[in-house]
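Reader: I have some time to go through this one with you. Can we take it a piece at a time?
Author: Fine. Ask as you go.

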Amino acid sequence: AFILIMLGVWTKMALFPLHGWLPNAYCYAPSAVGSFMAPLMTKVMVYVMLRVMLWLFGSEYVYSSGHVWGELIIWMSIIAIVAGSFLALARTDIKKMLTYLIVAEVGYMVGGAWLVNGAGLAGSMYHILSDAAMTFCLFLAASIVILRTGDHRLTAFNGLFRRMPLTMIGFTVGALSMIGLPPTCGFFSKWYLISGGIEAGHWAYVAALLFSSLVNAVIFFR
C-alpha cells in the first residue's frame with residue numbers, strides 16, 4: 001500500500017522517470033495557467049508525500065532499517081537531479097527549460113525527505129516554499145517576455161535588459177535563487193539539504209546538488 005501510494009504521488013510531482021506529462025503540460029498551457037501550475041502542483045504533492053510518510057504511516061515505519069527502499073529512493077532522487085539538469089541544459093525553449101529544472105528540484109526535495117535526519121527534512125520542507133517562490137517568479141517573467149516578444153526561445157532575451165528592465169530584474173532574482181546564491185531563499189534551503197546529505201554521509205546526493213547548482217549557473221548566465 002505504501003509503495004503504491006508513493007508511486008501515485010511521485011507521478012503527480014513528476015519525479016524522474018515519471019515526469020513525462022510535465023514538460024508539455026506546463027509549456028503548452030496558457031501563460032497565466034502555467035505560471036500558477038508551476039509553483040503549486042509539484043510542491044503540493046511533495047507536501048502530500050511528507051504527510052503520508054510522517055502522519056499516515058509514521059516515521060518509525062517509513063525510516064525503519066528493515067526497509068530497503070530508503071536508499072533506493074535517495075538514488076532515484078540523485079538520478080532525477082542529474083537528468084533534470086541535463087535535460088534543461090539541452091533545451092532552447094525557455095518554458096521547456098524551466099519545466100526540466102522543476103524535475104531536478106523535485107529530486108532535491110524527495111532526496112532530502114529520505115535522508116533520515118532533521119536537516120534534510122527541514123531542507124525539503126523549506127524548499128517547498130522557496131522553490132514555489134522562485135518558480136513562480138521565473139514563469140511569470142518568462143510569460144511576460146513571450147507575450148511581449150512573441151518568441152519562446154532563449155534568443156528572445158537578447159537586449160531585453162534595455163527594453164524590459166523590471167521584468168529582467170525579476171527574472172534575474174529568480175535565476176540567482178535557483179542557482180542558490182546568498183541571500184536568496186534558494187541558498188538557505190540548499191544549505192539545509194546539503195547539510196543533511198553530509199550528516200547522512202550521502203556524498204553522491206551532495207555532489208548531485210552541487211552539480212545541479214553549477215548547471216543552473218551555466219543555463220541562466222547563458
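Reader: What volume does the largest pocket have?
Author: This is a predicted model, and in it the largest pocket comes to about 380 Å³.

Reader: Which residues lie nearest its centre?
Author: Phe157, Phe171, Phe220, Phe221 and Arg222 lie nearest the centre of the largest pocket, out of 17 residues that line it.

Reader: How does the lining divide into nonpolar, polar and charged?
Author: The lining of the largest pocket has 13 nonpolar residues, three polar and one charged.

Reader: Which helices each supply at least two residues of that lining?
Author: Helix H6 (94–113), helix H9 (165–179) and helix H11 (203–221) each do. The largest share is from H9, with six residues.

Reader: Stay on H9, then. What span should it have, and how far apart are its end C-alpha atoms?
Author: H9 has 15 residues, which at 1.5 Å a residue should span 21 Å, and its end C-alpha atoms are 21 Å apart, so the two agree.

Reader: Which of its residues are buried?
Author: In H9 the buried residues are Thr167, Met168, Phe171, Gly174, Ala175, Ser177, Met178 and Ile179. They pack against H6, H7, helix H8 (160–163), H10 and H11.

Reader: Pick alanine 175 out of that. What is it in contact with, sequence neighbours aside?
Author: Leaving out neighbours within four places in sequence, alanine 175 is in contact with Leu138 and Phe220. Alanine 175 has 7% relative accessibility, so it counts as buried.

Reader: How far is alanine 175 from asparagine 216 in sequence and in space?
Author: Alanine 175 and asparagine 216 are 41 residues apart in sequence, and their C-alpha atoms are 8.0 Å apart in space.

Reader: And what comes after H9?
Author: Glycine 180 follows H9, with a positive phi near 100°. Further along, the peptide bond from proline 182 to proline 183 is cis, with omega near 5°. Proline 183 sits in the loop between H9 and helix H10 (185–200).

Reader: Where else is there a cis peptide bond?
Author: One joins phenylalanine 16 and proline 17, with omega about 5°. Proline 17 is in the loop between H1 and H2.

Reader: Which residues of H1 are buried, and where do they lie around the axis?
Author: The buried residues of H1 are Phe2, Met6, Val9, Trp10 and Met13. They cover an arc of only 100° around the axis, so they are on the same side of H1.

Reader: Why would residues spaced like that point the same way?
Author: An α-helix has 3.6 residues a turn, so residues three or four places apart point the same way.

Reader: What do the buried residues of H1 pack against?
Author: They pack against helix H3 (31–57), helix H4 (59–62), helix H5 (69–89) and H6.

Reader: Change of topic: aspartate 131. Buried or exposed?
Author: Aspartate 131 is buried, at 0% relative accessible area. It belongs to helix H7 (residues 118–149).

Reader: What is aspartate 131 in contact with, beyond its sequence neighbours?
Author: Leaving out neighbours within four places, aspartate 131 is in contact with Lys43, Glu105, Met109 and Met178. Met178 also came up among the buried residues of H9.

Reader: Last one, tyrosine 26. Where is it found?
Author: Tyrosine 26 is in helix H2 (residues 22–28). At 1% relative accessibility, tyrosine 26 counts as buried.

Reader: Which residues is tyrosine 26 in contact with?
Author: Neighbours within four places in sequence aside, the contacts of tyrosine 26 are Trp21, Gly34, Met37, Ala38, Met41, Thr42, Lys95, Thr99, Ile102 and Phe139. Tyrosine 26 and leucine 98 are 72 residues apart in sequence, with 9.3 Å between their C-alpha atoms.

How values were computed: Residues are numbered from 1 along each chain as its sequence is written. This is a predicted model: local features need pLDDT of at least 70, side-chain atom pairs count only at pLDDT 80 or more; totals for chains, interfaces and linings use all residues. Side-chain values use heavy atoms; hydrogens and water are left out. On a 1 Å grid over the protein atoms alone, a cavity is a set of points where a 1.4 Å probe fits but cannot get out, and a pocket is an open set with protein on both sides within 12 Å along at least five of seven lines; lining residues have an atom within 4 Å of a point. Grid points are joined across faces, edges and corners, and a volume is the space filled by probe spheres set on the points. Helices (H or I, at least four residues) and strands (E, at least two) are DSSP runs, numbered from the N terminus. Ala, Val, Leu, Ile, Met, Phe, Trp, Tyr, Cys and Pro count as nonpolar, Asp, Glu, Lys and Arg as charged, and the others, Gly among them, as polar. Buried means under 20% relative accessible area, exposed over 50%, partly exposed in between (1.4 Å probe, protein chains only). The arc is that of the directions from the helix axis to the C-beta atoms. Contact means heavy atoms within 4.5 Å. The expected span of a helix is 1.5 Å times one less than its number of residues.
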